[in-house]
Structure formats: C-alpha cells, structure tokens
Amino acid sequence: MKRKLTILLLSLLLVSSLLITNVYSAVVVDDVGRVVRLYKTPKRIVSTAPSITEILFAIGAGSRVVGRTDFDNYPPEVKKIPSIGGFSTPSYEKIISLRPDLVISAKSFPKQLFDKLSAEFPVMVLDPHSLKDIANDIRKVGLVTGLYRNAQGVAFKVEAIERAVRAFSKDHRDSKVLFVLWYNPIMSTNKSTFIGQMLDDIKVTNITAELSSPWPMVNPEYLLQNNPDIIIMPKNSMAYAGKPAFLDEFPWKDLKAVKNGNVYYVNDDWVFRPGPRIVYGLVQLAHVVQPKTFDKKVVAIGLNDRVYAKSYYKHELEDDNGAVAVYLNADEGRTYISRDGAEKIFGIETGSDFVVYKGNTCKVKTDDSGVYIRLRDVLNCMGVKDVIWNGDYREIYLLLP
Amino acid sequence: MSIVIKELSFGYRNDRFTLKDISLNVTQDMFPLAIVGPNGSGKTTLLKNLVGIYTPQRGHVYIDSVDIHRVSARERASLVGVLFPDKAYPASVPVIDVIMAGMYRFVKPIGGYTLQDMDKAYTVMKQLDIIHLKDRLFSTLSSGERQLVLTAMVMLQSPKVILLDEPTSFLDPYHRFILVDIIRLLSEKHQVVLTSHDIEFVKAVAHFSVGIKDGKIIYTGRTDMFLQSAFEKVFGIPFTKYIGVFGL
Amino acid sequence: MKKYRQIILIGGGFVLLLFTMLLAVSYSSIKRGQAIYISPLLAIDVLIKWLSGSSLGVTDKIAIFRLQRVFAAAISGMLLAIGGTLYQTTLGNPLVDPYLLGVSAGASLGAVLSYRFHLPGPVWLYAFVFALIAFSLSYVLGRGNRLKIVLSGVVISSLVSAGITLVLIMWNDSLHNILAWLMGSFAMADGKKVLLQSIVLIFVFLIIMATHRVLDIMLIGDEVAHGVGVNVFRYRLLYLVLASLAAAFVAAFYGIVSFVGLMAPHLARLMVGDKHLSKILLAMEIGAILLVLGDFLSRGVMYPMEIPIGVFTSIVGGVFFLYLVVRGEWV
C-alpha cells in the first residue's frame, strides 16, 4: 500500500517536472511492476478488457479507443469501435492492424501474445484487488494518457462513494449473507474478491468469507448449518429466465432467506468489473441491506478543490464524471458551498440570499463575498437529515431524496 | 467329409485382394493337409477365411456341404475349430477354464458346465499329458504348454475340421516332437489342416500339401511330390539346394 | 483353496464397502465438530421417513443429502468398474477406461452446450445424449477391429474436445459453473438419479452375470473366442454398448470422474485373477469404495469447501500406476 503510494507520487513528480519542460513524457509503474514509458500522448489506445474500456471512457479518453473486446458493452458508443476478439483469445493481427500507441490489458491476457505485443508497443497491465486498487488504476490510466486531472476526479469518486457507503452502513454483522455465484454445485465468494470486500464495506457477515478459494464450491450442508438471512445473486447469469427454479429445491427451500423472500439480484457488470461502475454495485449491495437508506442518492462532497460524487442504486448512469469543482469553504466552523455547486449537485435554483427547492423558497445565509451560501441552510430547506462529516478525509456525505 | 473352397477371393481392402479366386476340393483322403507357402502368400488369411473370422468378398467355403459363412456361430464351431498359437492373451485364469471354453457350443448361453463336461476335459488332458497344469494360471505357462492347452480346448470343442496355424513356430524341440503324435491323435477323430513353412514338419505329418504363393494355389498333391516339383516355385529355392544346407 | 480366498476377498470387500458408506454418511468433515454427526440409526430412521413420505426436519434433510451422495458414489463406482472391465476384456487392452470411446468427451460437450446456450431441460440429459452419440460414432468408425475401435475412440474424443474448447473460449459468462461440472462432483446427486442408476446397474449386472463365461472366453482372444463358437461381433457390440451406457450414466449425472474405471478392474484382477465372475464382483466393490471415499474426502478435507472428486481419483490413480510400473506387473 505504502509502496504503491510512493510509486504514484514519484510518477506524479516526474510528470509534473516534465510538464514544465513542455515535453510530454509519462512514466508509470503498472500493477505487475513493469515500467511503462510514453514519449507522446497516446491517441490510439487498445483496451483488452471491458473494465479498461469503461475506465478510458470515464476519464474522457473514449474518443481515443481504437480497439476493444467482444464483451465490451458500456457505454453504448463502444459498439462502433472495432473488436479485437475475446478475453483470452484476442487477435494479435487485429491489434497491430489498429496501429495502437498504447495497449492496456488485464492480467489474464495470454502470455505469448503479451510478450509479442510488449516488444512492439507500450503495454500497461492492470490487476486490481480492491476498490482502492481500482481507483489507483484509474489514476494510472489518467497519468499515461495525459488526462490525470479527469482521472483523479473519477478515482476520487470511487473512493469517496466507498467511504460514504461505509459511513452510512450501520453495523449489520449479525446479518448473514450468502452471495451465490452458481447453484449446482453451490459456488460463492470469499473475502478476497471485490464482492467479498464490498460485503465487508456494507458491514454484513459473508458466510463464506474465510474459505481459502476466491470462488469456492460450498457443501450444501453448510448453508443449512449457517442459514443465511440474505441471499444475493448476479442477475444475468442466474435469473435470466425469471425466478430461478432451483430455489424450490434442496437445500434452498429450507433456508430462512428463501422462505422470507430475502433473495436479491444485482447487476453482473456492476459487481464483477473492476471499473468505475463498481460503485454502482456497491450501492446496489448496500441497498439490499438498508433499502430505506440507500433509496436516496448517495453524495460525497470533498472540501476545497475536491470533486464530488453522486450515486444511485437503480439507475444505470446517473452522475457525471465529477469533473466539476464544487468549492466548499470552511469558515469559523461552518461550511459554505458555492452557488454553482449547489445548483449542480442539488438541482435547485439559487438567488443572492435564497434558494428555491420544489417550489419552496427558503432564505439562506451567505458569506461576505456573496458567492457562497451556507450548506446547513440549503440542507434544511431540502429536508436533508442524513449528513455525515468525515474529518480524516475532510468530506461530507449526504443522502439526498 | 470334405472341404470345398469355391472361387474364393478376399482382400483386406476392396481394391487389393490377398486371395485371388481360390478353388480347392479337399477329400477325406487328403487329410492331414498342409497349406504351404512363404510369408505373405496368404496362408493365414486363407485359414481365417476357412474358420469364418473373415468373410470373403467372393466365393464360398463348404464343409460337408455347409456354407460356413451362412450358419450360426455355434453351428460353425461344430464344423471347424482353430488353433492360433500366438493369438491367445495370457489371461490370469486357471488352465482348466481355458480348456473348458472348448465346451462353449454345447452349453446353453445361461448355464454352467456339468460334471460330464468336466470328465471329458480330464480325458483330453490325460491324452495330452497336461493334467498337472490344470490349476496353473494360463499366463504363467510356456508357449509350448500354452499350445497344448489350446489343443485340449479344440479337442473338447470336437469340430469336424481342426485348423492349426503355424503350429511349430513357438515350439522347442520337445514340443515339436510330441506335436507329431498329437496330430496323429487329432486325426483319429478330426480332419486336420495346418499352415506351415516348417518343411521338416510338413513332411513328417502332412499327407497332402497345397502350395500357395501370392494368393493363388500353385500346387495340390501329395507332400513328397510337392517337395520335389513345387518347392522351388513356391519358395524360390531349388529343393535340392535347400536340403544341401539344412538336411532333412 | 483359491475359491476360499476369493470368497473372503469379495465378502471382505462388501463389508469394507458398507463400513465406508457408513463413515461417509456419518461425517462431512475430517475435523471434529465442524459438520453434523449423523449416527447410523438416525440415518436408517431418516431413510424410512423419507421413503414413507413424511416431513423432514433440517438434520433429516442433511442426512438424506448425504445418503443420496453416498449411494450415488457407490453405484457410480460400480457402474464405472463394470464399464472398465467390459472395455478391457472386449478390447483386449488392460489400459482402457470406459470413457475411451467418446463417452466423456460427448458428455462434456453436452454439458458445455447446455450451460452455454441455456438450453431447456436438465444438463444431464444433453450430456447423456451427446455421450451416446459420440460412442456410436466411435463404434461405427472403428467397427470390426479391436485396434480400429480404440483409434476411432481417440479420434472422436479429440474432435469433440476441440469442439468443447471452441465453445469455452467463446464464453461470455464466468467459466466457474462449467469448470465445476467438468471436474466432477456428487453434490449433484438426488433420489431420481440414484434410482435410475440402480436400474441400469441391475440390468447390466444381470446380463453380465448370465454371460460371464463368454467374457472369460473373449478375454483369451478374439480369434480363440470365434473359433470356439462365440459370436464375437455381436457380443462385443453388446458389451461395449452396456459399458458405454453405464459410463454415460455416471458422466452425464456427475461430471468426469477419471481413473476408477481403469483401476478397479486392474486391482480386482491382481487380487482374484481374470475370471469375470469374481473379478467383476470385486471390481464393483473396489470402484464403489474408491468413490465413496473420494466423495467423503471431497466434502471432508476442507469443509465447508468442496474439492472436486477428480483430484482424489487422479492422485490415487497416479500412485497406483507408479506402483504397477515399479513392481513391473503389467499382466
């Protein structure tokens, strides 16, 4: 962890020093320890995993993507980009025919192909194992494409939403959760996967957390012994035809969760892909456990220059890239927000000393400059009660109706 | 008792025939009969056609006027039996069980052997002097002993004709010696046909010889005549020269 | 003397099988206290309850679950042992496995297709049908000759495997479920499957016991059998079909469990010789014991995680063959 931070900082230093001398140069250490060097801005990028494509689009490099895999499906524009093949079967010829100046791949890329490609093109390998790693990967992609500011914004969003969800998640350790990857044989997940970590974020007990394999086969007896309160399944692979039939069979039939109707489905792409939308998966999982809380929008706003983030559990895309500066100011222990920012985040109208929310006009205090209005007043006008201040990160988390 | 082979042609592939239009009329007085020829002449292939392992593309084989390719397996087994010395898998079964296999055609499909069957087996074993091998495992026998066991089996089977394929190939002098007597024994109750290129042996046991080369029969007649007139045509060496080196 | 030895071995084998089954039903973990202990009396009690249709509590359901697995493993072991013996005898080759003629490749293809295209109906149905299709192709291709059949089996298996690989790389979901199937597991056992397998087992067993002398004769050799009056062609077809059927009913239901069909007849032969009456009985017991034990270890070594049974059968198989090589005992 510390090592990664140091590497990141050094890379940052290098980039900024080179920016001064006006020569583009990027040096990044990727997730497998390779040093990737670029001497000009990459304009033709090939992505070999759906998560990587999503990262590129999220940071604003979407127009530079010239190649993607068969399985990429988000955002919809990727359909227009030529495909280079499958996950473990990409075509070398197709890749080089696209004349890339940068290839970004996941660790599962076939080795032979990788060796050939890395001899001719700069190749960066991403291999995240936690949501934090995903955020750092976003930063690395930003570094290497010259879009670091954008990438930072997205990365902060991921991290901030994770923290916000953690903050709003009450302790549910007495709730036993089973994540079902497959039903016959029964397969679940342990604590090392993204899902495992997200279950930890929402403070429930994953009954298969301590098993040694990331996707272990589980003895049905264990389910009866451990009787989970909640069952969560990926929708696409398990419930493609409606309610899964296996729930009427042994051992599912006898489980508390099934009898009480506590079986929930999450979006496969959101929980399996190590990209920016992992936070949608997180919020969706959080909603399972605390539906009333996470029915509202989760908003994280950082102090000073930090960008804000917003996430819903049910809509596919309902935030921007967060590349907007919101400007929170702390003055004498009170927090003020810029009028632009308030309009942007809360969707309200502002006047010189008032705000209009759903037809209601409320008076608000402003600071001396008149640019900033007091956050507390705005929230009162909107009836927002759920506010958490995180002193370590100097962030405010809100739940907006 | 007769064997009639009528215009028999057989090939492993349909475009190339190993046996070409073979016709042969074997009468009672011609047994024991030897089919003699060099390697690749088709002796063993002919034998396999005679016992029904192969079915010829053209032609027929009649034993006592019965077309052996047109009857049931059991009935065929009553007409002709065969001894392949090298084609027996060394199974870990007691010798007595191998010998009793000869009784298969007499036994109902679902059923066992009777005491009478066992008696017959003992008789045969005694004749061949192999009673001491009765409980030994077949896999532990020498090749000579195995051949005796297979002989006992065929004797139990009691077909009209017994075919022997190169019976002296794997035998040491002792077993080769007693094989002459065994063939005499077999000839009392069965008609014996053997394939061989063991000239000494053929001379010792075979009454008549059929010379075969390149899938065609070149000579049919008494063995001594064969050796004098057809040996060279079949084997490519003058008989006198052969004797000159090997004696007889 | 020999006879007594055989009776003792077969009788002893049966006792050992019962004991192993009991062990596997009572425990699901090699560590104390992790899984529920089910006493033999309770197991019998539950069985009666289940058969009479009365309602079951949670512990009862676990007992039924284990009973199903244990019986499935035992019967599968017997089916594979019979299949292996029949293959080894009819093909004259002590190193063949009843999956040789395309049964395992076909079953795998059926399962893979079923998962991939979300085909309606149970997975095992497709596995079964494709297994038999692959076998039929192998048989027709290699008819008449023992060697030809073996080669055809290899050819068909390779082609089918290529097909499987093709489908696998074009997978767009996670591969976990199909990989788990391929590695074999008795977790997929249920009462219906056990019943079906039992019927098949009894059917095949009866036919073999009725014709065991034919098998003995066929073992000595095709030519010898033919000479003595056995209709080799028909019996070979019969035995290969029965063996493939038996093997298909295991592969389709539970995935690919390797080596048992190869080892059980071998071990049986080393202990009681080649006569099929005793060899098959003992092989069935050995096969059953191996799989029941294997299933127990699958559940028990890392409870509650399941380790695919193929891991254990492969280890045992490897050791077994090493032993054979070292001892120089091939026959």
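Guide: Domain 1 of chain A and domain 2 of chain A have C-alpha centres that lie 34 Å apart. This is a predicted model, in which local features need pLDDT of at least 70 and side-chain atom pairs count only at pLDDT 80 or more, while totals for chains, interfaces and linings use all residues. Residues are numbered from 1 along each chain as its sequence is written, and chains are lettered from A and ligands numbered from 1 in the order in which they are written.

Visitor: How do you know where the domains of chain A lie?

Guide: The bounds come from an automatic or database domain assignment, which divides chain A into domain 1 (2–127), domain 2 (170–273) and domain 3 (293–400).

Visitor: Why are S8(A) and S9(A) said to be joined?

Guide: Strands are DSSP runs (E, at least two residues), numbered from the N terminus. Two strands pair if DSSP finds at least two bridges between them; S8(A) and strand S9 (residues 186–187) of chain A have 2 bridges, so they pair, and they run antiparallel. A:Trp182 has A:Met187 in S9(A) as its bridge partner.

Visitor: What makes S8 and S11 of chain A edge strands?

Guide: In chain A, 3 strands form an open antiparallel sheet in the order S8-S9-S11. Strand S8 (182–183) and strand S11 (217–218) each pair on one side only.

Conventions. Helices (H or I, at least four residues) and strands (E, at least two) are DSSP runs, numbered from the N terminus.
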